[in-house]
Amino acid sequence: MSTLLRSLLILLLAIGCSSLALAQDNTGTVPPQPAPISMDQLNSQLDQVKQALTDTDKLNDGVLVDLRGKVQALQQQADQQSASLAPQAEGLKAKLDVLGPAPEKGAPPEATEVVAQRKELNKAKADLDAQTKQAQTLSLEAQQLITQIAGLRRDLFDAQISQRTASPLSGAFWTLLSHSLPDDQAGLKLLGAEALGALRQAWQPPNRTPFILCLIAAIALLALGRRQLERVLVQLTSDRMPSGHLRRSTLAVLITLGTTLTYSVAAYLAYLGIDWNGTLGDDMRASALGLVRLAVVTSCVAGLGRALLSAGRPSWRMPAINDDLARRLHPFPWLLAWCTVLLGVAERVTHDIGASLAATVAVNGTLTLLIAALLAAALIRMGRSRRALIASGETPAKRPLWVGLLVAAAFVGVVLSLLGLLTGYIAFAFFVARQMVRGGFIVASLYLLMHLVSDLFATLFSPDSRAGNRMQEAFGVAPARLEQAAVVLSGLARAFLLLLTLPLLLAPYGAGPGELLSRGGQLFAVRSIGTLPIVPGNILSALLVLLTGTLVMRLVKRWLGHELLPKTSLEPGMRTSVVTLLGYVGSVLVFVLVLGALKVDLQSITWVASALTVGIGFGLQAIVQNFISGLILLAERPVKVGDWVSLTGAEGNIKRINVRATEIQQWDRSIVIVPNSQLITQTVRNVTQAGALGRVQIRLPMPLGTDAFKARKIILGALTAHPTTQESPAPSVLLDNLDGGSMSFLCTAYVGNPRDASNVKSDLLFEIIDKLRASGLPLSTPQDMIVRTIPATPDTAPKT
């Protein structure tokens, strides 16, 4: 049965797609491209817009929106003409450069053809420059007009918001409504007659079959398509994505998009069935397409709320709310979606029938009351759920600050809406109610997208993920760096989303998509600090260059350090120095490329350079000195990585030579950070620079009666037998001193590495003591002084 339903659904969708294709075919041939408009025509149209703005009596928000669209189109055409003239001007300049400058006075004259050609080229270039300047001037005037229109719209908006009408609690309100009711009813009947006429036309034999098929496809899509599509999306995310937060956020996005797509396609199929052969007039078609766009928005509202609450599947739920609250709030997304439908339909109907002010105010007041009551009911249910949770002995989850602010804003909005409605400020109340619905949808969308990008970067850059493992293998990135990159990229992406959302939240009443995009684009317009231009596009290019350059330098350094240099005759310390020096050079090169991507003129940052010069002269002198010393260490290599050095306060192996300081590991494994300038300006003993040997020296005291030759033979044998001691210079045993009742032997041996001297000395002492004891040759022991106290006798006792 499920297979049959699935096949039927696919068939209906195919019919709908084919109907769409047929509808596109029925639209006729592609209209010819309009001829290019001259600058005089553009100026004339701009003057007409200026004239229209002077007639303040006829200005309303709709007229201002239309005028703004015309000015934007004029500005775009002017910019296009200016851009199209630029290559021509460059071509003329290149031709003039080929001809060269005119000869000076006293020089041999040029050929007549060359003089005429230069004159013609100069005239053409002057004409192009004049046209370009005219186009740029027109574009600037258009931008000023757009700013002026935006100011007029704000003033009009403020006037509408502050306008007060009769309160619905007074009789004057209903009296005005009853007086205008006959005219409004006549306009509504006329609109209904047009809609019924369109339906009758769609039911006629030529259009009946596609109308029925489109309606059946729309109904099937609403009845079965959403569930089937959701089932497929759940199956895909479960099979293709690893378990975790990313699967949950991706599933929420897909459910939102699936719900939006289902209802939007169904609405478009219904419109397509009615207007199959162009049965609708221009006004009705515009209204019908407006309702289709409204269906897209409302279905997105419903899908977003359904995806976030997930009342039936708690494991899919993203917000930290309990199951009881999710069940209580489950119907509200759909109710808000229907309120959005009513808002759009009411606005469209009142506009189409030219409704009176009283009817418009009454409709807006009714919608305000409906939205305020709906949001108040949602707040009440939230409070009841919280109290029920406390009564059951559980502690409610702590709300984030932004959630508390959002709930408080909703409460204040409900109160303001009801107060404005009761006191007669219905326009203000309607604006607040509408902004609450719109703002809630924007905040919910932002919440979902922020979680999606955060989960996406956390998964991609996780050290345990497949992508993270590949990054570690390909670029040698440490796991901690991957996690830091995930946090930084997630923060940048979320900040970018927030910047895009702010214009939507702060947009004025009646702002359309074009104005919203324009306001969003203003955030990324060209700014300047003094004479230094800040271009967002250049900043993004610079970030891309920085990322690419860093990755390339890491790959080159890894290739040199692990593949090329190990196959050469260079010692390990020299290899490390070469790789480090290359890293410094590459960093400087990447920095220069980043400045080039930013298109920074060095003359624009002279004040920065001056400030840095002063800072270097005072506070940064030591840092610069250490940096230059580090470069000298890497170039001259008086010491290198792996050397055993000794200087004031430190002795040990050089582990790393950094930009500012050098790390020296001492015998106890501790690290001493030595500024590079000390290795240049102070006396440094490099034990291993010339391949110096380590010396093991032991002094052995023995009794004076010891057989010296036998002892020397035993000690020398132990020194020679040790695997680490060198044959050349050969070990030696010298009779160093005769002192009192003992003799002293000085035993010397050499090892290949001075770092092994202490360990070899310990091994030799153990071996020599053991062999001397086995041969009966004792070592001398220190003389002990024994102090005895003799008790006093009667003869020696002191007399009193």
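Of the contacts in the chain with a separation of 6 or more, 71% are between residues 24 or more positions apart; a contact means heavy atoms within 4.5 Å. The structure is a predicted model, in which local features need pLDDT of at least 70 and side-chain atom pairs count only at pLDDT 80 or more, while totals for chains, interfaces and linings use all residues. Residues are numbered from 1 along each chain as its sequence is written, and side-chain values use heavy atoms, with hydrogens and water left out.

The chain has 800 residues, of which 33% are buried. Buried means under 20% relative accessible area, exposed means over 50%, and partly exposed lies in between, with a 1.4 Å probe and protein chains only. The accessible surface is about 48,300 Å², and carbon and sulfur atoms contribute 63% of this surface; the areas come from the Shrake-Rupley method with a 1.4 Å probe, and for residues only the protein chains shown count as cover. The secondary structure consists of 23 helices and 10 strands. These are DSSP runs numbered from the N terminus, with helices (H or I) of at least four residues and strands (E) of at least two.

**Helix packing**

Two packed helices are described by the angle between their axes and the distance between the axes. Helix H5 (residues 171-202) and helix H10 (residues 332-353) have axes that come within 9 Å and cross at roughly 105 degrees. Axes are lines fitted to C-alpha atoms, for helices over the stretch in contact, and angles run from 0 to 180 degrees between N-to-C directions. H5 and H10 are therefore roughly perpendicular, a term for angles of 65 to 115 degrees. On the H5 side the contact involves Asp184, Gly187, Leu188 and Leu191, and on the H10 side Val349, Asp352 and Ile353. These residues divide into 4 nonpolar, 1 polar and 2 charged. Ala, Val, Leu, Ile, Met, Phe, Trp, Tyr, Cys and Pro count as nonpolar, Asp, Glu, Lys and Arg as charged, and the others, Gly among them, as polar.

**Aromatic pairs**

The structure holds 6 aromatic pairs. Rings of Phe, Tyr and Trp (its six-membered ring) pair if their centres lie within 6.5 Å; planes under 30 degrees apart count as stacked, over 60 as edge-to-face and the rest as tilted. Two of the pairs are listed below.

| Pair | Centre to centre | Angle between planes | Class |
|---|---|---|---|
| Tryptophan 402 and tyrosine 447 | 5.6 Å | 40 degrees | tilted |
| Phenylalanine 457 and phenylalanine 461 | 6.3 Å | 35 degrees | tilted |

Tryptophan 402 in helix H12 (residues 401-423) and tyrosine 447 in helix H13 (residues 426-460) are 45 residues apart, and their pair links distant parts of the chain. Tryptophan 402 is partly exposed at 42% relative accessible area, whereas tyrosine 447 is buried at 16%.

**Individual residues**

Threonine 259 lies in helix H7 (residues 245-274) and is buried, with 1% relative accessibility. Leaving aside residues up to four places away in sequence, threonine 259 touches Arg226, Ser299, Gly303, Arg306 and Trp334.

Most residues other than glycine have a negative phi, and most peptide bonds are trans. Serine 310, however, has a positive phi near 45 degrees. Serine 310 sits in the loop between helix H8 (282-309) and helix H9 (323-329). A cis peptide bond, with omega about -5 degrees, joins serine 728 and proline 729. Proline 729 belongs to the loop between helix H22 (708-721) and strand E9 (732-739).

Definitions and conventions
Angles under 35 degrees count as roughly parallel, over 145 as roughly antiparallel, 65 to 115 as roughly perpendicular and the rest as oblique.
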